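Open the model in your viewer and keep the selection panel at hand. The stops below go from one chain to the next.

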Amino acid sequence: MAQLLQHLINGLAAGTIYALVALGYTMVYGVLKLINFAHGDVMMVGVYMGYATAFALGRDMRSSLLGVAVVFAVAMLGCALLGFLIERFAYRPLREKPRLTALITAIGISFALSYGFQLDLGFLPGAAPRAFPEVIEPVEWLVIGDRDVVVWNWQVISFGIAVALMVGLQYLVFRTRFGRAMRAVSWDHRVAALMGIPTDRVIALTFMLSSALAAGAGLLYAIKDTSVSPLMGLYVGLKAFVAAVIGGIGHVPGAVVGGLVLGLVEEFVVGYAASTWRDAVAFGFLILVLLVKPGGLFGRVAAEKV
Amino acid sequence: MSAAAEETKAEAGAPLLQADGVSIQFGGLKALTDFNLSVRQGDLQGLIGPNGAGKSTAFNVLTGVYQPTQGEVRVGGQRVNGWLPHQINHLGLARTFQNIRLFRALTALDNVKVACRAQGALHPEGVGLGAKMKGAFINYRDWWRALLLTPRFQQEERELTQQAEHLLEVMGLSHRRDEEARNLPYGEQRRLEIARALGTQPKVLLLDEPAAGMNTREKADLMVLIRKLRDDFKLGVLVIEHDMKLVMGICECITVLDHGETIARGAPAQVRSDRKVIEAYLGDSYLESHGGAA
Amino acid sequence: METPAIPAPEARSAVPASLRGLLPVLLALPVLALFQGLMSDAPFASYLLSVVGVNIILAVSLNIVNGMTGQFSIGHAGFMAVGAYISGVLSLNFKDVALSFLPVAVSDQVFFVVSLLVGGLAAALCGFLVGLPSLRLRGDYLAIVTLGFGEIIRVVVQNTDAFGRALGLSGIPQTSSPAMVYFFVFLTVLVARRITGSSHGRSLWAIREDEVAAEAMGVDTTGYKVRAFVISSFFAGIAGALFAHFVPIINPGSFTFVKSMEIVVMVVLGGLGSTTGAIVAATFLTLLPEGMRSLFTLLGAEGSLAQKVDQIRMPVYGLLLVALMLARPQGLFGTKEIWDVLPRWIPRKRRGLA
């Protein structure tokens, strides 16, 4: 029972992070109908930015509240810029081209980033995983019984940050002018443009927003894993994407639910079956969901207009 | 009407295409309500209605793109609810599309050959396991013939080419044989779509706004052609058309849709004088331009 | 509908119809034998050519799904892995068995071909299973399913003792030869070309162009997509099986997402839908890093520089994809074949398909 509870907690903690990254996929898919394959790698770049910042700040500074804030701010802003650049120079020229073209581009960027970061070029950290500094010093936040169930402070903090970001996003999408514009673009970006919505700006902002969220999520992930590597983007990204699809891509609350579900499923498989099967779980689950409900849990398959 | 048409009309028996109380709903929207229709060999029927009346939806339900929420569709007497479009096509129902959907990068000839190939002989009728097994067997035999380039395969390929060339000729497209479909002028693309549909050897042909975007003269030619096709290929034809004059001119029976409901049906004269039709569809502008046709 | 009487077959071929099917194979065999003779004393060239050949098979077979049918599979390495492991395990188990009525070398080759075919069939079965979801999924979703499949294969291999887990399989008899590899290259290309020239190929192209219209014209789109997957993965399996029989060791690392992407890059560079494009791109992208590596070694640069070639390859592939999509999304040849784009003075084949 205690074990179950522990897995539940770990699963939820991992799930909120997947959910945050999944939100990025879902938002971009919403406005552009593009699977932004490079999303996970943007996240990875963000984590490296945070990593560099944490080192620049030094040991004392980085574990203070201000230090943590700086680390997150730098990573998130840096990623927002990266997201903007990618959208502006890689995706925007292809917007009216067949969807496959943009998908291939996204795959290309993902590749360039995840393998580019493995190069031994001096200013880059190289292929080997690095230990991520303890920006949040681990403290047992809650202990039940004889250490039957342990809740760490970083789990609570990351859960808190993730929930705050999600609530903020929900507010942004459904309560603000920008959110309305975003939803209009998602409905039909050509019509939205005709209605006077600055489509390009909305799309660019969506990319920046999703990239910033990814950076935040990536840092939380790195803190959880206490490591960072150039390939983390590929794997975390793919799983988050799976989460987005499970929830029904393009559906904001769906991405959150998908993330949580995936986090829990993975945790339970690792906990009760075998950890070596972990990477297969997400995809097996994805294929299962798609076969049973092709639109994901909340999404609907839009009938193609004939 | 030509003698041939009279003849085919006379021997026309059971309906080839039949819709009984077909309704379809998208979420809360009733796109089509209690739609009834029956097309026999030799028929030339029209389906009209204002924009968004559900004409194309009706086509999509008949051809299996959408599934009806209620009612049933029969093709050649076979209930086809739940069937896939290609299976329904094999029963002898072919269509064109309102927004031309040719295989753009393929040549005109290949466009027609795709359709010629995909027809009946390869796909034995019936849906039982036996028919499925037989279909699978024929299919695999056929793949091997293609891969081994057997004499029989080469012969079939030649026959297909000739069939397709014949259809191109009928539609006046022989000179475009090796041109990519996307490079054809608009009117010819529409005609190529008809040629392609004929390639599937249909018993009933559904034409979705075949004259859209054509000038008056082209339209007149097309109408003559449609009649000729009906007679030569012994078809039943159902046409969706926007141009009232045109539909009134060639169709013997017209069904009028508005907001998914059938508001009138009958001979052109009858429909033209129907109050409901004039109000709902023709509207004031038509009355004005035709000096109060009613 | 009545068609006019069929006139005599086109006179342009001097070869009797009954022979045309087999002729290319008959012509290829002596060429391959000669080729084998030339290669027997050049181990490095043999190896390199074999790698090129395997990549050609992979690219040409992927092109059947991604190019001709317009689907987007990014898990081709998974099928390759299935072929490699299944045939590898077979060969390992039958290593010491020989058919007594044949010379040992011939008997080995017989076992080799059988294991190749079994590997190919196993991959084809997987292709069937992956192709089935295409019943309900389109486009990008299908891409993810294929990717997921590739990853699942990798994890399964890593968790199975018979496949050597993460360590991989070693000691598989090195029965492959460039002649054998190129026989299958030739077979793959022949099959791809014959599909293109048949009604099956036209149906695949129709699906690529407009799935809804194809379905309305009586094309069993799901059936064709699944068949495209099956054929494509069969040859990927063959490629993997060949690969397993000329490299010293196979491990899960040889068949990752990276390998899948490499093949995608080849197909996209060559032009989605162009068989000859896939051949050219596969050859080029295989020889380029090798050439650079040899060049650096030749120039006496330290080993590190030669190693860098390997490192740089992947990000370069990525950038290449982006650059291609921005500048020339149709790749080298688009959907055309090489003889359609050669200069005028070279005699061309009449184009059947676009």
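Helices (H or I, at least four residues) and strands (E, at least two) are DSSP runs, numbered from the N terminus. The model is predicted: local features need pLDDT of at least 70, side-chain atom pairs count only at pLDDT 80 or more, and totals for chains, interfaces and linings use all residues. Residues are numbered from 1 along each chain as its sequence is written, and chains are lettered from A and ligands numbered from 1 in the order in which they are written.

**Chain C: annotated spans**

Select residues 44-65 of chain C. This span is 100% helix and 0% strand, with its end C-alpha atoms 32 Å apart.

**A59(C) and the core**

Select A59(C). Beyond its neighbours within four places in sequence, A59(C) is in contact (C-beta atoms, placed from the backbone, within 7 Å) with I263(C), M266(C), V267(C), G270(C), A278(C), A281(C) and A282(C). A59(C), A19(A) and L242(C) touch the most other members of the largest nonpolar core, which has 292 residues. A nonpolar core is a set of buried Ala, Val, Leu, Ile, Met, Phe, Trp, Tyr and Cys residues joined through C-beta atoms within 7 Å. A residue is buried if 20 or more other C-beta atoms lie within 10 Å of its own, exposed if 12 or fewer, and partly exposed in between, with C-beta atoms placed from the backbone.

**Where chain C meets chain B**

Show chains B and C together. Here 33 residues of chain C are in contact with 40 residues of chain B. On the chain C side, α1 (17-20), α7 (178-196), α8 (199-209) and α9 (211-216) each supply at least two residues. The largest share, seven residues, comes from α8(C).

**Where chain A meets chain C**

The contact takes 34 residues from chain A and 31 residues from chain C. On the chain A side, α5 (99-116) and α12 (278-292) each supply at least two residues, and α5(A) gives the most, with 13 residues.

**Chain A: a hairpin**

Is strand β2(A), residues 140-144, buried or in the open? None of its five residues is buried, so β2(A) lies largely in the open. Four bridges join β2(A) to the antiparallel strand β3(A), residues 149-152; two strands pair if DSSP finds at least two bridges between them. Within this pair, L142(A) has V151(A) as its bridge partner. The two strands form a hairpin with four residues between them, and G145(A) in the turn has a positive phi of about 65 degrees.

**Chain B: strands**

Finish on chain B, which has 11 helices and 10 strands. Of its 294 residues, 45% count as buried. Select β1(B), residues 17-26: this strand pairs with β4(B), residues 70-75, in the antiparallel sense over five bridges, and L17(B) is the bridge partner of V75(B). β1(B) also pairs with β2(B), residues 29-39, in the antiparallel sense over seven bridges, among them that of F26(B) with L29(B). β1(B) and β2(B) form a hairpin with two residues between them, and G27(B) in the turn has a positive phi of about 60 degrees.

Definitions and conventions:
Contact = placed C-beta atoms within 7 Å.
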